[in-house]
Amino acid sequence: MDVLSAIKERRSIRKFSSKPVEKEKLNKVLEAGRLAPSARNTQPWRFIVVDDKELIQRLYHASQDQHQVLEAPIALVVCTEGLNRTMMCGQPSHTVDASIALSFMMLEAQEQGLGTCWLGMFDPNMVRAILDIPEDVMVMAITPLGYAEEIPEHRSRKSIDDIVYYNGYK
Ligand SMILES: Cc1cc2nc3c(=O)[nH]c(=O)nc-3n(C[C@H](O)[C@H](O)[C@H](O)COP(=O)(O)O)c2cc1C
């Protein structure tokens with residue numbers, strides 16, 4: 001699959017089957033994150049693969065009982081190590097880096113026929129306690145990972161004309 005096709009076909013999956021994810025496919029998803037670019041090549045991300053049912057149940061509660069966490073066989077928790085550095089442009093590099101890594105992993109998951117759903121709605125302190133994540137490590141995002149039971153309709157996007165400007169803002 002070419003990259004644009006993967007981008008076009010990806011959806012946030014909120015209904016998963018319990019079918020396990022093959023180790024080979026999981027490793028390809030993780031490899032896509034490993035190879036992502038990062039500011040000064042610091043690679044601050046750490047990926048926690050959670051496939052223990054009891055831990056997943058607790059992550060589900062930490063994520064406001066979002067049922068997709070409970071259904072999928074894996075919850076992938078994306079963290080960043082070290083203090084968040086602000087780049088000269090004013091943006092926090094660790095958050096940007098980890099976002100790129102997760103985006104790459106979501107696209108590789110699509111390539112592997114797997115579904116994901118980026119979750120920002122979770123209590124990071126609860127997740128830290130559940131997974132023994134140190135205080136100075138940020139929990140950036142969670143995605144369930146598994147086979148989709150239901151693929152939702154494409155959600156609309158703004159047109160190119162609405163978002164792209166040439167030679168100035170507007
Ligand atoms: C930073 C971020 C946080 C999100 N948090 C959640 C979430 O907590 N729960 C959820 O169901 N979807 C969440 N989403 C998914 C968005 O709702 C979804 O990407 C958007 O509606 C577009 O739909 P699509 O991904 O199917 O194209 C999040 C997406 C992003 C990028």
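In which helix does isoleucine 130 lie? I looked and found isoleucine 130 in α6; helices (H or I, at least four residues) and strands (E, at least two) are taken as DSSP runs, numbered from the N terminus.

**Basis.** I am working with a predicted model, in which local features need pLDDT of at least 70, side-chain atom pairs count only at pLDDT 80 or more, and totals for chains, interfaces and linings use all residues. Residues are numbered from 1 along each chain as its sequence is written, and side-chain values use heavy atoms, with hydrogens and water left out.

**Isoleucine 130.** I noted isoleucine 130 as buried because its relative accessibility is 10%; buried means under 20% relative accessible area, exposed over 50%, partly exposed in between (1.4 Å probe, protein chains only). Setting aside neighbours within four places in sequence, I listed its contacts as Leu55, Arg58, Leu59 and Ala62, contact being heavy atoms within 4.5 Å. From leucine 55 it is 75 residues away in sequence, yet the C-alpha atoms are 7.0 Å apart.

**Serine 17.** I located serine 17 in the loop between α1 (3-9) and α2 (23-34). Its relative accessibility is 15%, so I count serine 17 as buried. Its side chain reaches the backbone nitrogen of lysine 19 at 3.1 Å. Beyond four places in sequence, serine 17 is in contact with Glu71, Pro73, Tyr147, Ala148 and Glu149.

**Ligand.** I counted 13 residues around the ligand, of which Ser12, Arg14, Gln66, Arg155 and Arg157 come nearest. By class the shell has 4 nonpolar, 4 polar and 5 charged residues. I noted a ligand nitrogen 2.7 Å from a side-chain N or O atom of glutamine 66. Ligand oxygen atoms lie 3.2 Å from a polar side-chain atom of glutamine 68 and 2.8 Å from one of arginine 157. The protein covers 67% of the 620 Å² of accessible area that the ligand has on its own (Shrake-Rupley method, 1.4 Å probe).

How values were computed. A residue is near a molecule or strand if one of its heavy atoms lies within 4 Å of it. A polar contact is a pair of N or O atoms within 3.5 Å; within protein, one must be able to donate a hydrogen and the other to accept it, and residues adjacent in sequence count only if both atoms are side-chain atoms. Ala, Val, Leu, Ile, Met, Phe, Trp, Tyr, Cys and Pro count as nonpolar, Asp, Glu, Lys and Arg as charged, and the others, Gly among them, as polar.
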